2 protein chains.
Amino acid sequence: MGQNLSDHPLAIPDNRLQILINQIKDYQITHGSLIKLLPGVNNNEESPVQSVPVGVAVFPTPWPRELFERATEIQQAFNELYIRISEDPKWLGDVLVDLRRSDSFTQKLWRIWEAVSEEQKGEEGRTNLGIFRSDYMLHDRRGDGQELDIRQVEFNTFSVAGGTHGNIVGNMHRHLCRTGAFDAENTTAGKTNQCKLENLPINDTIKGIVAGLKAAHEAYGPARSSDVSATAMLMVVQPHNINICDERPLEYALWDQSPSIPCYRVVFSDEVLERTSLTADKLLLYHPPHTAQPVEISVVYFRAGYDMHEYTDAGIKARYLLDRSRAIICPSILSHLATFKKVQQALCVPGAVERFLPDEKARLVRATFSAILPMDEESRLGQYARELTQDSVRAIDYILKPSLEGGGHNVYGIDIVPFLAKVHKRRWAQYILMECIRPPKIDNILLTGRGVYQGPVVSELGMFGTCLWMSDVGDGVEILRNECAGWSFKTKAADVDEMSVVKGYGCFDCPYLTV
Amino acid sequence: MGQNLSDHPLAIPDNRLQILINQIKDYQITHGSLIKLLPGVNNNEESPVQSVPVGVAVFPTPWPRELFERATEIQQAFNELYIRISEDPKWLGDVLVDLRRSDSFTQKLWRIWEAVSEEQKGEEGRTNLGIFRSDYMLHDRRGDGQELDIRQVEFNTFSVAGGTHGNIVGNMHRHLCRTGAFDAENTTAGKTNQCKLENLPINDTIKGIVAGLKAAHEAYGPARSSDVSATAMLMVVQPHNINICDERPLEYALWDQSPSIPCYRVVFSDEVLERTSLTADKLLLYHPPHTAQPVEISVVYFRAGYDMHEYTDAGIKARYLLDRSRAIICPSILSHLATFKKVQQALCVPGAVERFLPDEKARLVRATFSAILPMDEESRLGQYARELTQDSVRAIDYILKPSLEGGGHNVYGIDIVPFLAKVHKRRWAQYILMECIRPPKIDNILLTGRGVYQGPVVSELGMFGTCLWMSDVGDGVEILRNECAGWSFKTKAADVDEMSVVKGYGCFDCPYLTV
């Protein structure tokens with residue numbers, strides 16, 4: 001039975017009503033269409049959607065202006081580096097050789113790439129979109145706060161998040177600053193504080209990411225299939241996502257473009273298989289639930305498909321279907337693989353960055369690297385790393401990370417020796433060993449998902465980049481667009497290892513730029 | 001002890017930290033800086049602020065386009081009517097004569113006005129700001145849906161709410177419409193539905209209200225006190241407000257103007273007394289907590305002070321202090337009193353509207369009136385109304401309302417006879433009797449604060465107006481600005497009498513304009 005609203009000109013089938021209600025809830029919680037629940041006032045009712053604010057820092061956390069600007073300035077070089085890595089399957093294949101043997105996730109992605117690549121052999125150049133984020137911490141080289149520098153924590157190419165939250169929280173700190181909320185004259189500590197707006201950089205990351213998506217949509221051009229008249233973007237999302245406030249505003253901003261860029265969400269993987277199809281020419285069609293008329297997809301923007309467990313048979317099928325289409329995929333499988341920690345380690349090897357970038361750019365990029373060692377059995381560095389991780393004193397300065405992408409699953413300092421004792425030596429090559437970054441600690445107050453924290457904190461600056469390039473053009477790559485697209489800034493308690501905001505540790509923040 | 005953050009360039013006194021944290025939470029819930037709480041995923045943590053979406057209609061509810069436009073077109077006439085009522089203390093005093101005798105709230109407000117008016121005698125013209133909302137329902141004149149008209153429910157002059165929520169929910173319905181979320185081809189009901197964007201009017205109420213506030217701020221001009229260099233607006237708010245998502249965006253939008261208009265919140269009444277003062281010239285100064293330097297207040301925007309219980313001794317003192325200042329008060333006490341239901345009833349008397357407006361405008365305004373009867377002992381109409389309320393059959397077509405302002409406390413139809421039996425006849429004059437509006441019923445689905453409702457609904461259109469005028473100029477009033485400033489649209493279950501959104505009955509909605 002359809003939603004049969006007597007006399008109402010609108011109605012939809014029952015099975016779409018719950019979807020519509022979820023869309024409404026998401027719109028509301030991302031636009032402040034809310035009633036506060038106050039204990040004792042109105043919190044006795046059962047309520048259909050609850051939400052809590054994302055973790056935030058109360059005061060913006062200091063960060064040297066020069067090092068903020070440096071991270072901005074080298075973003076284009078990093079974009080270019082990862083574009084070129086994504087277009088060098090030979091190098092990437094060699095770097096991932098151990099993982100392709102021992103890790104089923106890498107195997108699955110690599111096989112999808114091989115199948116797609118075989119199928120596309122000889123085809124004209126494909127356009128690719130990258131939305132990247134390079135994460136940095138401050139590194140206190142001498143341990144006395146006198147020689148600070150930035151060190152890259154990781155480089156993300158897949159489903160990079162935090163752009164929207166970072167934007168909103170940056171706006172929040174700037175708003176509070178202009179109201180005087182951070183100022184105090186003659187505090188009992190005897191100090192006069194004044195927060196100046198010019199010390200809080202403007203955050204325009206939503207605009208930056210959307211500009212990247214829009215450029216790709218425009219590069220795709222008008223619909224090519226004779227059956228359809230319109231193009232649209234597809235955002236591939238996870239089911240039961242609690243972080244929709246980071247995704248939805250990008251989607252709304254696309255619809256808000258002039259002319260409007262339709263952006264439809266599909267859940268990975270079932271809904272992808274159910275609602276998309278390929279034409280004979282491998283054009284990607286999306287079949288919306290509200291009309292029999294399909295639309296042609298210009299850009300596939302992945303915000304799902306980064307977790308091993310998503311690659312069931314259906315997941316592999318869905319990813320393969322999207323990747324072999326003529327839509328612009330963000331990111332391509334090779335760009336996805338380029339985010340694996342193993343690649344970050346391989347780039348530390350002398351000559352590796354220089355393979356992709358001219359010397360001057362390579363030098364700037366390399367200056368942000370921490371020492372990262374492989375954990376393989378064969379190489380000299382691998383043997384050195386294996387030795388190091390058996391010595392509980394020397395291991396203190398290192399982090400053991402899985403070679404794959406994403407945060408979490410890291411093993412820190414003193415935990416490394418006992419952890420490896422439980423892992424078969426054959427599997428050690430699935431890790432890399434990274435020298436700890438030693439950030440200066442400064443006090444702040446954090447409103448985390450786990451309560452209020454006051455004490456020493458450390459921050460991480462995430463610099464966003466968007467880029468568009470054509471592969472296989474003549475003897476290489478043609479970079480069509482390469483931009484720095486904004487930033488996010490996260491802060492956590494200094495004694496907590498995890499920066500995850502969703503798990504309630506990390507907090508969004510804004511740098512307070514100091515001399 | 002101040003917030004002594006070691007090495008951090010910022011810190012504020014302890015007693016301001018909780019205020020800052022509340023500001024942060026409000027910013028977050030009004031900007032979608034949130035994490036959804038999903039049962040079984042992340043809802044096991046204790047959380048510092050929870051919130052739920054405001055009630056909304058799933059589908060926009062039909063409303064005739066012509067009647068939407070009529071409400072828009074007559075708003076300026078209504079603004080003018082209430083400007084002129086606010087400047088006619090003689091007429092207003094006569095209308096409220098019973099209440100000034102029997103109702104302590106009216107007494108208190110009237111005495112504040114008398115004191116202020118005595119003090120200001122002979123002073124040059126004062127500028128006044130009005131932010132009004134006229135509420136309408138559809139009236140089905142013949143009971144068969146063939147002859148629909150709009151009928152005014154009430155006219156609000158004090159702390160009119162819902163502009164922000166209405167704006168956001170209007171945007172939401174337009175967004176959902178453009179994505180096809182309301183469309184269905186060949187539903188099992190066999191109908192094809194398509195929601196067209198042109199049937200959903202654009203809602204720009206936040207902009208409209210802010211433009212009104214800004215015009216007043218600019219009319220005030222630069223600071224006049226020699227001690228201060230800056231002017232700012234003051235928003236007077238209630239403590240423990242759960243509806244901050246309706247207020248805060250107006251404040252943020254003021255700060256976002258170029259140049260920025262500072263807008264500070266003060267809680268009525270304690271914080272008003274603590275943080276504001278008058279100079280010898282009766283300029284209103286606000287003393288922010290973050291600096292020793294006061295600012296001069298251009299506009300006082302009341303979003304508190306409408307409830308009887310707020311007028312304690314401190315409340316009276318606070319209201320008096322603000323009203324006798326040279327700041328532009330929104331609304332003035334007489335504008336406030338003009339919103340009392342007794343005034344609405346008095347305007348129904350032939351000749352009353354015509355006292356204030358030329359005949360053509362008066363006719364348009366009067367066409368929206370329902371019959372409203374006084375309940376006094378003396379007048380012929382009052383005697384008729386008293387008879388009527390003793391007859392349970394005839395009483396069914398009426399609503400008994402307190403003569404004061406605001407929603408709630410109404411007594412409907414069959415409840416009137418038993419209700420009055422418990423009220424002393426001497427106090428009957430504190431009520432007015434209004435003929436019921438008979439709206440057509442149409443089905444819809446509502447996501448209310450009390451759960452999902454599907455069934456017949458009725459809607460209420462609230463038309464916003466802002467106006468600026470100078471009193472006591474020559475022999476009358478000079479209207480400086482008179483605008484329609486947007487709308488809100490609320491929908492509730494047809495069998496529920498209350499429209500209150502905060503109590504979980506009413507839902508924000510968008511009219512679906514029909515031919």
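In what order do the 4 strands of the open sheet in chain A stand? The legends below take up this sheet and other parts of a predicted model.

**View 1. The open sheet of chain A.** The order of the strands is S13-S16-S14-S15, and their pairing is antiparallel. Strand S13 (372–374) and strand S15 (411–412) of chain A are at the edges; each has a single partner strand, so one side of each is left without a neighbour in the sheet. Strand S14 (residues 398–402) of chain A is joined to S15(A) by 2 bridges in the antiparallel sense. Within this pairing, A:Leu400 is opposite A:Val411 of S15(A).

**View 2. Helices on the sheet of chain A.** Helix H16 (residues 380–388) of chain A packs on the sheet and touches S13, S14 and S16 of chain A. The direction of H16 makes about 105 degrees with that of S13(A). Helix H13 (residues 341–348) of chain A lies across S13, S14 and strand S16 (431–435) of chain A. H13 of chain A runs at about 105 degrees to S13(A).

View 3. In chain B, 4 strands form an open sheet in the order S13-S16-S14-S15, with antiparallel pairing. Its edge strands, strand S13 (372–374) and strand S15 (411–412) of chain B, each pair on one side only. Over 2 bridges, strand S14 (residues 398–402) of chain B pairs with S15(B) in the antiparallel sense. B:Ile399 has B:Tyr412 in S15(B) as its bridge partner. Helix H13 (residues 341–348) of chain B packs on this sheet, touching S13, S14 and strand S16 (431–435) of chain B, and its direction makes about 105 degrees with that of S13(B). Helix H16 (residues 380–388) of chain B lies across S13, S14 and S16 of chain B, at about 105 degrees to S13(B).

**View 4. The contact between chain A and chain B.** Chain A brings 93 residues to the contact, and chain B brings 93 residues. About 8,900 Å² is buried between the two chains, with 64% of this area coming from carbon and sulfur atoms. On the side of chain A, the residues that lose the most area to chain B are A:Ile35, A:Lys36 and A:Ile242, together 8% of what that side buries. Between the chains there are 9 residue pairs in polar contact. Several elements of chain A each supply at least two residues to the side that touches chain B, among them helix H1 (14–31), helix H7 (163–178) and strand S17 (442–448). H1(A) gives the most, with 12 residues. This side of chain A divides into 48 nonpolar, 32 polar and 13 charged residues.

**View 5. A salt bridge and a strand pairing between the chains.** The count of salt bridges between chain A and chain B is 2. One of them joins A:Arg178 and B:Asp256, whose closest N and O atoms are 2.9 Å apart. S1(A) and strand S2 (residues 50–53) of chain B run antiparallel and are joined by 4 bridges. A:Leu34 is opposite B:Pro53 in S2(B).

**View 6. Backbone features in loops.** Most residues other than glycine have a negative phi, and most peptide bonds are trans. A:Ser258 and A:Pro259 are joined by a cis peptide bond, with omega about 0 degrees. A:Pro259 is in the loop between H9 and strand S8 (263–267) of chain A. Another cis peptide bond, also with omega about 0 degrees, joins B:Cys330 and B:Pro331. The loop that holds B:Pro331 is between strand S12 (328–330) and helix H12 (333–337) of chain B. A:Ser159 is not a glycine, yet has a positive phi of about 50 degrees. A:Ser159 lies in the loop between strand S6 (148–156) and H7 of chain A.

Notes. Residues numbered from 1 in each chain as written. Chains lettered and ligands numbered in written order. Predicted model: local features only at pLDDT ≥ 70, side-chain atom pairs only at ≥ 80, totals over all residues. Heavy atoms only, no water. Contact = heavy atoms within 4.5 Å. Buried area = accessible area lost by both parts, 1.4 Å probe. Salt bridge = Lys/Arg side-chain N within 4 Å of Asp/Glu carboxyl O. Polar contact = N/O pair within 3.5 Å; in protein donor to acceptor, adjacent residues only side chain to side chain. Nonpolar A, V, L, I, M, F, W, Y, C, P; charged D, E, K, R; others polar. Pairing = 2+ DSSP bridges. Axes fitted to C-alpha atoms, helices over the stretch in contact; angles between N-to-C directions.
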